[in-house]
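Visitor: Hi, could you walk me through a few local details of this one?
Guide: Happy to, let's take a look.

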Amino acid sequence: MRLCNPLFLILAIFVGMFAGSESASAAEEGHSETSAAGRNMPPELGDVGRNGAYGYSQSVGSGISFSSSKTLSEEKMEEGLAEFRSGKDVVWLYYTAEASDPDGDDVRYIWTQISPEEPVAIIEQDDSFVPSGQAVDVKVCTPPSGAVITLQVVAMDRNGARSEPRSVIVNAAGCTSEARWARLSRFARLREAANQGDHKSQRDLALAYINGDGVFKDQKKGTHLMQTHAQAGNAEAQAQWAYFLDTGKHRIKKDKKKALEWYRAAARQGHAHAQYAVGFYEKDKREAARWFKLAAEQNNSSAQFNLAKMLAEGDGVPKDLAAAKEWMQKSADRGYKRAKTWIENWEAATAFDESGNRPPRLSSVAYAGDHRPVSASYSADKMTYKDGKWVTEGGQAKVNTVVWRKFNVRAEDFDGEAIRYLVTQTSPDTPKAKIGGQRNAFKYHASGKEVMFAICFPQISSGEFTFQVIAEDKRGGRSAPRTIALEAVRSDKCQ
């Protein structure tokens, strides 16, 4: 075996290293070429400019709208807009952008206001992707102050590559009135917050479409948005959607069972009103009290009242008057009317008669003025039938005096039961006045509802008459009587 020459060996190593270096360079170069070929090229923004004006008006409360459009030259913009704006709620300015993507990718256009910081124009834009080369309009409403607005637009492809920005100046003064502007601005801010995922704004945006608040009324779109957000797990929307199902509002088919399912979904996420609603519908009293307490701790006044009532009565929970009064006071402090009534009449509200019933309490019986309807009659001296009709001879017209003396009554039932009012004349024994009232006055009414009664004195010229009023619940519990005294005013008739 022959040994290698050391010089030859060194030379071989050097040549190998050089060759390896060239191979690595070639590989890098080849990789670089591949990257250049596969690189995402940004869209190229072409024409950006104004595309005329667009105006619309909306009938208040009806959701009916009409629209008209007019293209205005730059030099006639102010004059033309002033004429076009007359009688319209809003005048939108249209701008158009068009971009091409070198890779043929879809693009979308993003418009923003870059100056000034205040006031902020309202920009209505469609942010969906469109085919490369397709022009898309944007609507702009300028503030009533008439500030010069600078807008910027960029085109972006599906991979996030963006074009160079282009700017346009909007110097038209005011697209609408101050009042209309406030509603439009509020809606624009609401939509932006909703798009950023704010749950309350998503619910409120759906309600804005339903009620036509700052946008054309679109009940179908609003309810669809509400259901979509509810299904996506938005607790605010779940509670609102449950309410629609519970009440059948906005043409939603009433479904109590499904409503409760949605209330439960929102309640499990800690939504206070939904927790109250679950407690309200819960048949298990202990479970109802648990849900009421969760909502009450979040300052839901209805839940605070219901929890206090259960504690006062020992209904599903151990009776605890001290805790009941504390929760009742919190509810009253938040303006809950029934809680206020309980606090003002705490002794009566927590007292029971022999049968375990708390009778209603008459809170007011008060004179409310007189009602004097016009009544007239005609008497004839003689009537004869001639030529197919009756003919009167002589006689005179008479205006009858009619007076109804009115008074209002109100009572509260601490069990929340319906109440009816019993009104009787207590003095004198004779003559008798006629006791009437508003329609259905003598039927059962909701606790706390004010009801009007009236007294008519037929052929009675003078004298003081007293009447007794008692409130009675459906279980026969009666309030202490209250008395009202009225001076007689003569009525020829009591209609």
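**Backbone details and a helix pair**

Guide: This is a predicted model. Let's start with Gln459, which is partly exposed because its relative accessible area is 46%, between the 20% and 50% cut-offs.

Visitor: Where does Gln459 lie?

Guide: Gln459 lies in the loop that runs between β17 (451–458) and β18 (464–473). Its phi is positive, about 60°, although Gln459 is not a glycine.

Visitor: OK, and what is phi of Asn299 near?

Guide: Phi of Asn299 is near 70°, again a positive value in a residue other than glycine. Asn299 lies in the loop between α9 (285–296) and α10 (301–313), and with 40% relative accessibility it counts as partly exposed.

Visitor: Now helices. At what angle do α11 and α12 pack?

Guide: Helix α11 (residues 321–333) and helix α12 (residues 337–344) pack at about 130°, and their axes are 8 Å apart. The two are therefore oblique to each other, and α11 passes α12 in a left-handed crossing.

Visitor: Which residues make the contact?

Guide: From α11, they are Lys325, Met328, Gln329, Ser331 and Ala332; from α12, Ala339, Lys340, Trp342 and Ile343. By class, that contact has five nonpolar, two polar and two charged residues.

Technical notes: Residues numbered from 1 in each chain as written. Predicted model: local features only at pLDDT ≥ 70, side-chain atom pairs only at ≥ 80, totals over all residues. Heavy atoms only, no water. Axes fitted to C-alpha atoms, helices over the stretch in contact; angles between N-to-C directions. Helix = DSSP H or I, 4+ residues; strand = E, 2+ residues; numbered from the N terminus. Parallel < 35°, antiparallel > 145°, perpendicular 65-115°, else oblique. Left-handed = near helix turned anticlockwise from the far one by under 90°. Contact = heavy atoms within 4.5 Å. Nonpolar A, V, L, I, M, F, W, Y, C, P; charged D, E, K, R; others polar. Buried < 20%, exposed > 50% of the residue type's maximum accessible area, 1.4 Å probe, protein only.
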